[in-house]
Amino acid sequence: MAGTLAEFFELDEHDTDVSTEILAGVTTFLTMSYIVVVNPAILSAAISVDGRTTGQTIQMLAVVTIISAATATLVMALYANRPFAQAPGLGLNAFFAFTVVLGLGVPWQTALAAVVVEGVVFIALTAVGAREYIIKLFPEPVKFAVGAGIGLFLAIIGLEAMHVVASDPATFLQFNPVFASDPIAIISVLGLFVTFALYSADVPGSIVLGIALTTLASYAAAALGYSAIDPSVPALDGVFLYTPASLTGQTDVVYSAAGYDITPLVGAFLSGFENVDALGFSLIVFTFFFVDFFDTAGTLTGVSQIAGFLDEDGNLPDIDKPLMADAVGTTVGGIIGTSTVTTYIESATGVEEGGRTGLTALVVALLFLASLALVPLAAAVPLHASHIALVVIAVLMLRNIVDIRWNDLSHAVPAGLTMFIMPFTYSISYGIAAGIIAYPVVKAAQGEYRDVHAGQWVLAAAFVFYFFVRTSGILAGAL
């Protein structure tokens with residue numbers, strides 16, 4: 001069996017082995033499995049099914065989340081042979097639920113239709129090589145800055161879930177003002193340093209061990225009577241900590257038989273094409289398309305940089321295959337009833353554990369499928385425990401900034417903006433946008449406008465147009 005897997009996934013050519021790939025897959029799954037609980041919680045605010053309770057709808061959405069994640073990741077494993085995992089994307093699901101459906105009043109079936117159209121467009125563009133061509137137009141400093149930018153993005157996500165940082169009404173961000181009395185914060189930081197120590201000592205599976213030890217410590221603290229800090233304490237007046245927060249995972253998650261019947265969601269997108277406003281629908285598709293395109297491009301580039309997949313020009317060879325897996329995942333997700341599927345930045349955790357082939361992705365896909373029966377497999381892992389892995393990987397991803405030519409402002413400015421904008425806007429695509437817009441501007445200012453490809457000016461203009469559509473209110477006006 002091991003020999004067959006090694007041959008199919010070309011493990012020897014990638015200098016890896018079956019046990020390493022399995023460990024990498026488990027690591028990636030543990031750091032992204034929260035989506036099984038979080039995605040249904042977000043989408044259920046916008047999706048209601050006649051004859052089903054809210055609880056049953058949430059269960060149905062969990063099932064389609066799992067199926068779409070497993071399907072997309074299986075395609076990534078068996079077709080692309082890359083260690084990238086996929087699932088419905090955070091941010092995109094919030095845009096789907098709170099902006100498109102609840103904010104603009106678009107029926108959820110129509111929003112799903114937009115996701116399917118986006119996916120079909122992606123498949124067509126990938127098949128003719130257009131997506132690969134556009135990604136190759138990314139300026140070199142942007143490509144080399146994406147990895148570090150994603151690292152900073154992972155850091156802020158992890159530190160928030162660990163209750164190390166909190167909101168501040170004046171500065172937006174601050175150190176947790178009740179850190180010393182917050183069990184989640186204390187256990188998370190201890191778990192983080194234990195994980196760093198294990199990793200520094202070259203202990204195999206250090207990230208998984210760190211997650212497991214932090215989880216055990218959290219349950220032990222809960223058993224001793226400790227709980228998450230009460231948000232109503234005076235010290236937190238006007239301050240918000242990441243929620244929901246609990247020392248234990250969601251151990252009460254159970255599925256009823258009705259929860260497994262997803263037929264009301266499958267194919268619901270078809271009715272979404274009825275009486276649709278062409279302009280408004282087109283703008284929704286455009287927004288989904290733009291964010292997903294550049295989020296995926298950034299994630300593939302950043303994670304590939306860690307894995308050593310990029311060539312000397314910063315391009316990922318055969319990128320069309322993982323792009324096709326992403327396109328198929330989005331299309332399948334929309335058909336069965338969930339928002340846009342995208343490649344997960346948490347894939348970096350598995351890559352850092354040594355994952356280099358599709359076998360890592362196959363393990364992730366199988367664990368998602370197993371979670372259908374085990375309801376869900378990793379829901380019992382507290383969010384703060386799984387997210388210490390993100391901070392560990394964030395530190396390691398900063399190594400990539402040495403590839404940037406900092407003594408050349410035409411590289412330093414777009415690279416720096418790419419890295420800064422990602423965490424501060426909570427968006428990979430916005431970071432890429434900042435770098436792409438800055439590059440031709442700085443080059444032209446230096447008198448080197450001939451070095452800028454015409455396509456790079458077009459990309460910069462496209463991003464300016466996107467920001468106009470996204471922030472001017474034109475979406476609401478068109479609907």
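Contact here means heavy atoms within 4.5 Å. The model under discussion is a predicted one.

1. By the contact rule, and leaving aside residues up to four places away in sequence, E118 touches V285, F288, F289, D292, T330 and T340. With T340 there is also a polar contact between the two side chains, at 3.1 Å.

2. **The partner of R131.** R131 does form a salt bridge with D326, at 3.3 Å from N to O. R131 belongs to helix α7 (residues 130-136) and D326 to helix α13 (residues 320-336), so this pair ties together parts that are 195 residues apart in sequence. R131 counts as buried because its relative accessibility is 1%. D326 is likewise buried, with a relative accessible area of 0%.

3. **The salt bridge between R405 and E140.** The side chains of R405 and E140 meet at 3.5 Å, N to O, in a salt bridge. This pair links distant parts of the chain, 265 residues apart: R405 sits in the loop between α17 (388-397) and α18, and E140 in helix α8. R405 is partly exposed, at a relative accessible area of 39%, and E140 counts as partly exposed at 28% relative accessibility.

4. **The remaining salt bridge details.** K443 and E448 form a salt bridge in which the closest N and O atoms are 2.8 Å apart. K443 is buried, with a relative accessible area of 7%, whereas E448 is partly exposed at 30%. Salt bridges that share partners join E140, R405 and D408 into one network. By the rule used here, the count of salt bridges comes to eight.

5. **The nonpolar core.** How many residues make up the largest nonpolar core? The core has 124 residues, and those with the most contacts inside it are F96, F288, F368 and I432. Helix α12 (residues 278-307) supplies the largest share of this core, 15 residues. As general background, nonpolar side chains tend to be buried together in soluble globular proteins.

6. **The β2-β3 hairpin.** Strand β2 (residues 165-168) and strand β3 (residues 172-175) run antiparallel and are joined by four bridges. One of the residues in these bridges is V165, whose partner in β3 is F175. A hairpin of three residues connects β2 to β3.

7. **Positive phi at H163.** Most residues other than glycine have a negative phi. H163, which is not a glycine, has a positive phi of about 65°. H163 is placed in the loop between α8 (140-161) and β2. Is H163 buried or exposed? At 2% relative accessibility, H163 counts as buried.

8. **Positive phi at Y426.** Y426 is a residue other than glycine with a positive phi, near 60°. Y426 lies in the loop between α18 (409-425) and α19 (428-445). In contrast to the buried H163, Y426 counts as partly exposed, at 38% relative accessibility.

9. **A212 and L30.** Helix α10 (residues 206-223) contains A212, which counts as partly exposed at 35% relative accessibility. A212 and L30 are 182 residues apart in sequence, and their C-alpha atoms are 9.7 Å apart in space.

Notes:
Residues are numbered from 1 along each chain as its sequence is written. This is a predicted model: local features need pLDDT of at least 70, side-chain atom pairs count only at pLDDT 80 or more; totals for chains, interfaces and linings use all residues. Side-chain values use heavy atoms; hydrogens and water are left out. A polar contact is a pair of N or O atoms within 3.5 Å; within protein, one must be able to donate a hydrogen and the other to accept it, and residues adjacent in sequence count only if both atoms are side-chain atoms. Two strands pair if DSSP finds at least two bridges between them. Helices (H or I, at least four residues) and strands (E, at least two) are DSSP runs, numbered from the N terminus. A nonpolar core is a set of buried Ala, Val, Leu, Ile, Met, Phe, Trp, Tyr and Cys residues joined through side-chain atoms within 4.5 Å. Buried means under 20% relative accessible area, exposed over 50%, partly exposed in between (1.4 Å probe, protein chains only). A salt bridge is a side-chain nitrogen of Lys or Arg within 4 Å of a carboxyl oxygen of Asp or Glu.
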